[in-house]
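Reader: I am new to this structure. Could you take me through it in short questions and answers?

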Amino acid sequence: MITAQAVVYTQHGEPKDVLTTHKYEIDDDNLDKNSIVIRTLGSPVNPSDINQIQGVYPSKPEKTTELGTAEPAAVCGNEGLFEVVKVGAGVSKFKAGDWCIPTKVNFGTWRTHALCSDEQMIKVPNPADCKARGREPLTVNQGATISVNPLTAYLMLTHYVKLEPGKDWFIQNGGNSAVGRYASQIGALLGINSISVVRDRPNFEEFARKLSTENGATHVITEEQNNSREFGPEVKKWTKATGGEIKLALNCVGGKSSAGVARKLAPNGLMLTYGGMSMQPVTLPTSLHIFKNITSAGFWVTQLLKSDLDLKLRTLSQIIEWYETRQLKDSPSHENHFSPDADLAACYIHAVDSSKQGKQLVVY
Ligand code: NDP
C-alpha cells in the first residue's frame, strides 16, 4: 500500500484559499491488468494551472470523489514528469523505472503518486535510455516542462506558414518569455531568422546579446524601436539581405505591441496570438487587413493537440532529440523541494506565490 498525497480543490478561488492536501491509499499489490503506479519526479506551476484553480480557464479537470474526498474534488496541475513504480500484468508499454508524462491535459500532476491506465501516459527516455543511445540524459526540468512551452513554440513555427530556411523571418513580442526563447532557438535550429521584440531595460545591449548568442534570436529590438517609423528601413534591410519575408508574427502581449509586430508582416502574413501578457485587447490597424491582407488568428496548444496524439508524439520526439543532443536549452525553473513530511498544498501555494519571480518547479 502506498500512501499518496494530492493537491485538490472542491471550489474555485485563489489558490491560497481553496487548495488542500488530500491523502489516499494506492493498493499497488492488486493492480488491474492495464494499470500502472507512478511517482512524481517534478511538476511545474504554469499560468494556466492557476487560472484553472480560479475557474477562469476554458479547459477544466472534472471534479470527482474517486480519491475518496468527501466532496467532488479536482487534482491541480497539467504538466509533470513521472517514474513508473509498478505495472499491471497486461502492460507491455512500461516497466518499473521508465519515465513518462501525461498523454492529455487535466491529469492532475500536483501529487506524489498516481494510479492510472498505461494509455494515460506517454513514455519519455529516462537517463538509462539516453545513455544506452549515447545521448545526454533529459533533466527533470526538461521532462516536467516539455508538454506546453517547447511544443507551443515548435508548432507555431511549423504548423501554419511555410517558412523558407535561410530566407524567411518571423517576428515576436515577449521575446524574453519562455515560449519566446524556445521560438528563437527552434527558429535558429530550423534556419528561420527571427526578430525578438522585448521591453526596454537598463542593460539592454548585454541582454540582447545574450538572447542572440544563447537563445538564437537573429535580432533583438525594443518595443520603442519596433514602434518607431525610423526603424522600419533597418528591418527592411535585414529581410532584403536574406531575400526572404517576415511571414509570421507571434503575439503574447496584445495592445499596442500586437500592432507593432503585425505592421512588420509582409503582405498575406499571419499573426498568431497565444497570450495576453499586457491584459490589453489585440489591436490591429484596419489598413493592415485591407491593404496587406494580414490574417490574425489564435493559437492554443491544448486545443490543437487534443484530438491529434500523433502530432503531439512527433513534436515531442523532435524536442527530445534536440534536448538529448544539447541543441536546445530549456527554460530554467526555480526548484521547490518537497519533503514527504511537509504539507504538499503549502508547498504549491508557496510556488504559486513565487511564480511572478519566474517559473516554479516542485521537485519530489
Ligand atoms: P514567461 O513568464 O516566461 O514570460 C512572460 C513574458 O511576458 C516576459 O517576456 C515578460 O517580459 C512579458 N510581459 C509580462 N508582462 C508584460 C506586460 N505588461 N507587457 C508586455 N510584456 C509583458 O511566460 P511564458 O512563456 O510561460 O508564457 C507567455 C504567455 O504565453 C503567457 O500568457 C502564457 O499563458 C501563454 N501561453 C500560451 C499557450 C497557448 O497554447 N496559447 C501555451 C504556452 C504559453 P519581460 O521580460 O520584459 O518581463
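Reader: Which helix holds Asn226?

Author: This is a predicted model. Asn226 falls within residues 223-227. That stretch is helix α8.

Reader: Is Asn226 buried or exposed, and what is its relative accessible area?

Author: Buried means under 20% relative accessible area. Asn226 is under that cut-off, so it counts as buried. Its relative accessible area is 3%.

Reader: Which residues is Asn226 in contact with, leaving aside neighbours within four places in sequence?

Author: Neighbours within four places in sequence are set aside here. The contacts of Asn226 are then Ile171, Val197, Ile221, Gly260, Val261 and Lys264.

Reader: How many residues of helix α10 are buried?

Author: Helix α10 covers residues 255-263 and is mostly covered. The buried ones include Gly260 and Val261, and both of these are in contact with Asn226. Of the nine residues in α10, the number buried is seven.

Reader: Where is Trp169, and which backbone oxygen does its side chain reach?

Author: Trp169 is found in strand β9. It has a relative accessible area of 2%, so it is buried. At 3.2 Å, its side chain reaches the backbone oxygen of Lys167.

Reader: How far apart in space are Trp169 and Val75?

Author: In sequence, 94 residues separate Trp169 and Val75. In space, C-alpha to C-alpha, the distance is 41 Å.

Reader: How is the chain divided, and how far apart are the centres of the domains?

Author: Domain 1 takes in 2-145 + 333-363. Domain 2 takes in 150-302. Their C-alpha centres lie apart by 33 Å.

Reader: Which loop holds Thr109, and what is its relative accessibility?

Author: Thr109 sits in the loop between β6 and β7. It counts as buried because its relative accessibility is below the 20% cut-off. The value is 0%.

Reader: What does Thr109 touch, and how far is Phe82 from it in space?

Author: Residues up to four places away in sequence are not counted. Thr109 then touches Thr40, Ser43, Cys76, Gly77, Asn78, Glu79, Gly80, Phe82, Pro102, Tyr348 and Tyr364. Phe82 is 27 residues from Thr109 in sequence. C-alpha to C-alpha, Thr109 and Phe82 are apart by 9.0 Å.

Reader: What do the buried residues of helix α2 pack against?

Author: In α2, Ser48, Asp49, Ile50, Gln52 and Ile53 are buried. Just after this helix, Gly55 takes a positive phi of about 85°. The buried residues of α2 pack against β1, α1, β3 and α14.

Reader: How far does helix α13 reach from its first C-alpha to its last?

Author: Helix α13 has 16 residues, 309-324. At 1.5 Å a residue, 22 Å is expected. The helix is close to that, reaching 22 Å.

Reader: Which residues of α13 are buried, and which residue with a positive phi follows the helix?

Author: The buried residues are Leu311, Lys312, Thr315, Leu316, Ile319, Ile320, Trp322, Tyr323 and Glu324. After α13 comes a residue with a positive phi, near 55°. That residue is Arg326.

Reader: Is Met279 buried or exposed?

Author: Met279 lies in the loop between β13 and α11. It is not a glycine, although its phi is positive, about 65°. Its relative accessible area is 72%, which is over 50%, so Met279 counts as exposed.

Reader: What is the phi of Asn293, and where is this residue found?

Author: At 45% relative accessibility, Asn293 counts as partly exposed. Its phi is positive, near 55°. Asn293 is found in the loop between α11 and β14.

Reader: How many residues surround the ligand, and which are the closest?

Author: Helices α5 and α6 each supply at least two residues of the shell. In total, 19 residues surround the ligand. The closest are Asn176, Ala178, Arg201, Phe299 and Val301.

Reader: What share of the ligand's exposed area does the protein bury?

Author: A polar side-chain atom of Asn176 lies 2.7 Å from a ligand oxygen atom. For Arg199, a polar side-chain atom lies 2.9 Å from a ligand oxygen atom. Taken alone, the ligand exposes 930 Å². Of that, the protein buries 74%.

How values were computed. Residues are numbered from 1 along each chain as its sequence is written. This is a predicted model: local features need pLDDT of at least 70, side-chain atom pairs count only at pLDDT 80 or more; totals for chains, interfaces and linings use all residues. Side-chain values use heavy atoms; hydrogens and water are left out. Domain bounds come from an automatic or database domain assignment. Helices (H or I, at least four residues) and strands (E, at least two) are DSSP runs, numbered from the N terminus. Buried means under 20% relative accessible area, exposed over 50%, partly exposed in between (1.4 Å probe, protein chains only). Contact means heavy atoms within 4.5 Å. The expected span of a helix is 1.5 Å times one less than its number of residues. A residue is near a molecule or strand if one of its heavy atoms lies within 4 Å of it. A polar contact is a pair of N or O atoms within 3.5 Å; within protein, one must be able to donate a hydrogen and the other to accept it, and residues adjacent in sequence count only if both atoms are side-chain atoms. Accessible areas come from the Shrake-Rupley method with a 1.4 Å probe; for residues, only the protein chains shown count as cover.
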